[in-house]
Amino acid sequence: MFQEVIIALSEGFLKTLQIFFITLVGALPLGLIIAFGSMSRFRPIRSVMRAIVWVIRGTPLMLQLIAIFYGPGMLLGYNIWGTGNFGRNAAVAVAFIINYACYFSEIYRGGIESIPRGQYEAGQVLGMTRPQIFFKVVLAQVVKRIVPPMSNEIITLVKDTALARIILVYEVIWAGQTFIKKAGVIWPLFFTAIYYLLFNGLLTILFWYIEKKLDYYRG
Amino acid sequence: MKKVIALLLALVLTLGVLGGCSKGGDKTDMEYVKDKGTLIVGITDFAPIDYQENGEWVGFDADMAKAFAKRLGVEVEFKVIEWNYKINELNDKGIDVVWNGMTIADDVLAAMEVSNPYLKNAQVIVVKKEDADKYPTAESAKDLQFVVEAGSAGEETAQANGFNYKSAESQADTLMEVSAGTSDASIIDLLMAGATIGEGTDYADLAYTAPLNDEEYGVGFRKGSDLVSELNQFFKDAYADGSMMETAEKYGVQESVIEQ
């Protein structure tokens with residue numbers, strides 16, 4: 001029994017990890033683009049970006065998953081996701097990446113805007129172009145400043161992956177829950193907590209290490 | 001010592017059997033129920049068959065049981081039983097009848113006097129309305145991507161037919177999948193299908209086809225009971241005067257009623 005549970009939960013947790021890493025790979029860069037958009041000096045772009053961030057942060061991720069996966073079929077009459085598992089995973093990736101990119105973008109924006117104007121002016125005096133100033137002077141300092149809020153958001157992401165089950169992507173919580181119906185035992189559901197705790201423990205250590213590495217200069 | 005115990009046990013068992021014989025007397029089951037003035041109906045909570053509304057038992061079977069008791073001139077009493085012990089309850093006279101959407105099967109027929117079937121249930125395949133004609137049988141549907149409720153009779157049916165399926169949390173979730181086209185077909189109870197899809201619901205775009213594994217519901221009495229013929233006559237009369245269909249429509253099971 002125990003072995004059977006461990007196998008089922010581990011399979012579920014692999015799916016959890018898959019959602020986690022795909023979301024990070026997509027959302028980290030997309031968040032930066034959205035951050036630039038919402039700081040743009042061109043007002044329409046800025047307004048559109050801020051409206052998107054408002055909608056995505058203002059509604060539950062669970063609802064976004066349902067809307068993205070079932071919406072096309074139910075509202076437009078054309079299901080874009082197909083009937084296989086690939087479509088489900090793709091829908092999860094799209095929903096999670098958009099959602100997390102919006103949260104990340106605000107963290108990036110906060111980091112970028114915290115850099116004093118004086119540094120940009122100093123760069124200009126030295127004859128640097130705007131991209132040069134951003135990538136060579138500003139970015140490294142931003143990375144350093146946003147590590148604590150980013151670690152918060154990333155640990156939340158690990159737990160949010162459980163929402164994928166709503167569109168039948170079987171992650172670890174689902175795997176634990178099947179034992180209630182199948183065999184009438186409830187402990188596998190609670191046992192999933194061990195997986196989350198271990199992985200989040202690893203992440204915590206990783207972030208602590210990153211913070212220490214970046215602690216070369218206090219500005 | 002062992003022999004003595006064996007002897008004593010044999011004696012006790014013999015007495016038990018003799019006692020069982022004498023208890024029945026020569027009263028028929030109908031006289032027994034009429035004399036005590038109540039018909040005790042064994043049920044479980046099972047919408048839309050027997051369920052509680054404002055503290056009162058209602059549902060297709062509950063309403064029919066009330067009408068049957070009225071015809072006998074006795075009070076009706078609903079007693080929630082452990083479904084696995086329905087036969088014991090019946091034989092111990094804890095209840096007088098099992099009337100709770102009971103599927104007629106061999107074990108039931110062997111242990112009870114069972115009425116004529118009055119309601120049919122089945123697992124049915126639900127597909128988009130426009131595809132309904134394409135899948136008249138289980139065989140024709142075998143290449144579809146199914147979605148079923150985890151742990152349900154529908155899941156068993158999908159396994160038995162070798163269908164390719166995903167499991168969802170509820171039968172209702174499976175309908176959303178089919179409606180959105182993210183799965184081709186679902187397998188749910190006919191009774192639920194009758195009440196939740198088609199005209200007048202949000203799932204007007206869905207239809208059900210291909211009943212798999214037909215089941216029929218019957219009412220169970222004690223072996224040898226004369227109440228069975230009375231109930232069969234009651235079903236005939238209620239079907240003839242339309243009151244059975246009326247009750248069925250009230251609970252959305254009209255399409256499953258079996259002609260009496």
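This is a predicted model: local features need pLDDT of at least 70, side-chain atom pairs count only at pLDDT 80 or more; totals for chains, interfaces and linings use all residues.
Trainee: At what angle do α3 of chain A and α7 of chain B pack?

Mentor: Take residues 61–76 of chain A and residues 171–180 of chain B, helices (H or I DSSP runs, at least four residues) whose axes sit 8 Å apart. The angle (0 to 180 degrees, N-to-C, between lines fitted to C-alpha atoms over the stretch in contact) is about 60°.

Trainee: Which residues of α7(B) make that contact?

Mentor: On the α3(A) side, look at Y70(A), G73(A) and M74(A). The contact (C-beta atoms, placed from the backbone, within 7 Å) has 4 nonpolar, 2 polar and no charged residues. From α7(B) come M176(B), S179(B) and A180(B).

Trainee: Which element gives the most to the side of chain B that touches chain A?

Mentor: Overall, 12 residues of chain B contact 12 of chain A. β9 (164–168) and α7 of chain B each supply at least two residues of that side. The biggest share, 3 residues, comes from α7(B).

Trainee: And how many strands does chain A have?

Mentor: Along the sequence, chain A reads α-α-α-α-α-α-α-α, and its C-alpha trace spans about 70 × 45 × 25 Å along the principal axes. Chain A has 8 helices, and its strand count is 0.

Definitions and conventions
Residues are numbered from 1 along each chain as its sequence is written. Chains are lettered from A and ligands numbered from 1 in the order in which they are written. Two residues are in contact if their C-beta atoms, placed from the backbone, lie within 7 Å. Ala, Val, Leu, Ile, Met, Phe, Trp, Tyr, Cys and Pro count as nonpolar, Asp, Glu, Lys and Arg as charged, and the others, Gly among them, as polar.
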